[in-house]
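Please have the sequence and the 3D view open while reading.

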Amino acid sequence: MAKKLKKIPIDLVSYIQIETEAIRDFNDKQMISSYCLSKLEMVNWYLELLEVGSKKYIVPQSKEHLEMVRDQLMECHKQIMSVKIKNPADRPLMDIKYPKGYEE
């Protein structure tokens with residue numbers, strides 16, 4: 001009996017885009033990059049299964065949909081890698097955000 005694979009979540013790409021905007025340090029960058037690449041690998045595997053007509057697995061999404069997600073994930077990874085991390089040594093020791101009108 002063929003095993004039905006998990007659907008690629010519809011919000012996957014937007015989740016990665018949001019997390020990319022929230023990158024603050026090298027650890028953030030590494031984590032979202034790894035996550036993105038693992039999902040890209042999964043999408044490529046699903047596409048490969050469709051290509052060979054696997055009888056062992058059922059891919060729940062169309063080739064066209066998976067190709068679109070693959071392209072979006074590749075673009076996301078480019079964005080992740082283009083994020084420049086500021087050297088922590090260059091940041092001020094105390095960066096206090098005062099409320100509007102505080103200095104008046």
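For the packing of helices, an axis is a line fitted to C-alpha atoms over the stretch in contact, and angles run from 0 to 180 degrees between N-to-C directions. The model is a predicted one.

The chain has three helices and two strands, and along the sequence these elements follow the pattern β-α-α-β-α. Of the 104 residues in the chain, 26% are buried. Among contacts with a separation of 6 or more, 71% come from residues 24 or more positions apart.

Take helix 1 (residues 12-21) and helix 2 (residues 26-52): their axes lie 10 Å apart and the packing angle is about 160°. Angles over 145 degrees count as roughly antiparallel, and the two helices are therefore roughly antiparallel to each other. The crossing of helix 1 past helix 2 is left-handed. Helix 1 contributes Leu12, Tyr15, Ile16, Glu19 and Thr20 to the contact, while helix 2 contributes Ile32, Tyr35, Cys36 and Lys39. By type, the residues of this contact are six nonpolar, one polar and two charged.

Now look at helix 1 by itself. Which of its residues are buried? They are Leu12, Val13, Ile16 and Thr20. Viewed down the axis of helix 1, these buried residues fall within an arc of 95°, so they line one face of the helix. Ile18 and Glu21, on the other side of helix 1, are exposed. The buried residues of helix 1 pack against helix 2 and also against helix 3 (63-82).

How values were computed. Residues are numbered from 1 along each chain as its sequence is written. This is a predicted model: local features need pLDDT of at least 70, side-chain atom pairs count only at pLDDT 80 or more; totals for chains, interfaces and linings use all residues. Side-chain values use heavy atoms; hydrogens and water are left out. Helices (H or I, at least four residues) and strands (E, at least two) are DSSP runs, numbered from the N terminus. Angles under 35 degrees count as roughly parallel, over 145 as roughly antiparallel, 65 to 115 as roughly perpendicular and the rest as oblique. A crossing is left-handed if the near helix is turned anticlockwise from the far one by less than a right angle, and right-handed if clockwise. Contact means heavy atoms within 4.5 Å. Ala, Val, Leu, Ile, Met, Phe, Trp, Tyr, Cys and Pro count as nonpolar, Asp, Glu, Lys and Arg as charged, and the others, Gly among them, as polar. Buried means under 20% relative accessible area, exposed over 50%, partly exposed in between (1.4 Å probe, protein chains only). The arc is that of the directions from the helix axis to the C-beta atoms.
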